[in-house]
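Dear colleague,

Please find the structure below, handed over for your records. The notes on what was found in it follow directly after.

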Amino acid sequence: MARTAAEIARTGVATPVVVCGRNGALCRRLTRRPGVHVFGWVDDMPALLRAADVLVENAGGLTALEAMASGLPVATYRPIPGHGRANAATMDRAAVTTWVRRRRDLGPVLLELTDGVRGRRQRAIGLGLFESDPTAEIAAVVRGRVPAAVRPPIRTTRWTSRAGAVAVVATAALLAWHGSASLRAVAAGRAPRDDRPAAVLGWVTPRPAGDRCGPVRPTAPRW
């Protein structure tokens, strides 16, 4: 993340805003760098996303979904191995994110996403993901009404089908517990945007009030 923040700053296109969560060492190190705005734990991530113009991330997780729900274009840069690279490729093909594969492309892509056709198209596609109610899709899976095109090519029994449905519901419930309030907040537009160009990096995890770069007590996630 420190390297990414430095490379964004060097483009001259955007001001990097880094969310470090519980990584106190990273937070303290970046605080000493000029031109980089640093946060530790963030209590209101929707407001920070709406104040930014681009989300730069490396894994394609829930923070990317929060950005899409707020109409914020997403760029994937230096994705982490495994699921990060897999998500980068899949989401880039779906046109909900842009995978920046080379450092020299970072500045031009940030310009396109902040004030270009690519950014407007990506915002529209991302917001479109939240037009329907996902609970209806989950209910269809539970009732066994899964379209043939997306059914797994394996022989299932009554028990394996039920296990699959339980897994889907459990995953959906976990995501809803972690992210639904935040997604509703950004989609409702309660936090105003401003005109300062910025790129938001990273993932946030719980930390107590006080020193934004200090140690973190284990706490339940707050969204």
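**Strands and crossovers**

Strand β3 (residues 54-57) is covered on both faces: Val54 and Val56 on one side, and Leu55 and Glu57 on the other, are all buried, where buried means under 20% relative accessible area, exposed over 50% and partly exposed in between (1.4 Å probe, protein chains only). In a regular strand the side chains alternate between the two faces of the sheet.

This is a predicted model, in which local features need pLDDT of at least 70 and side-chain atom pairs count only at pLDDT 80 or more, while totals for chains, interfaces and linings use all residues. Residues are numbered from 1 along each chain as its sequence is written, and side-chain values use heavy atoms, with hydrogens and water left out. Helices (H or I, at least four residues) and strands (E, at least two) are DSSP runs, numbered from the N terminus.

β3 and β4 run parallel and are joined by three bridges; two strands pair if DSSP finds at least two bridges between them. Glu57 has Thr76 in β4 as its bridge partner. From β3 the chain passes through helix α4 (residues 62-69) to β4, in a right-handed β-α-β crossover. Right-handed here means that, with the strands pointing away from the viewer, the path from the first strand over the helix to the second runs clockwise.

Strand β1 (residues 15-19) is mostly covered, with four of its five residues buried. Three bridges connect β1 with strand β2 (residues 37-39), and the two run parallel. Opposite Val19 stands Phe39 in β2.

**Helix contact**

The axes of helix α1 (residues 2-11) and helix α6 (residues 106-115) come within 9 Å and cross at roughly 75°. α1 is therefore roughly perpendicular to α6, a term that covers angles of 65 to 115 degrees. Glu7, Ile8 and Thr11 in α1 meet Leu106, Gly107 and Leu110 in α6, contact meaning heavy atoms within 4.5 Å. The residues of this contact comprise three nonpolar, two polar and one charged.

**Positive phi values**

Most residues other than glycine have a negative phi. Arg78, in the loop between β4 (74-77) and α5 (83-93), has a positive phi near 50°. Its relative accessibility is 33%, so Arg78 counts as partly exposed. Ala95, in the loop between α5 and β5 (98-100), has a positive phi near 65°. Ala95 also counts as partly exposed, because its relative accessibility is 29%.

Yours sincerely

Technical notes: Axes fitted to C-alpha atoms, helices over the stretch in contact; angles between N-to-C directions. Parallel < 35°, antiparallel > 145°, perpendicular 65-115°, else oblique. Nonpolar A, V, L, I, M, F, W, Y, C, P; charged D, E, K, R; others polar.
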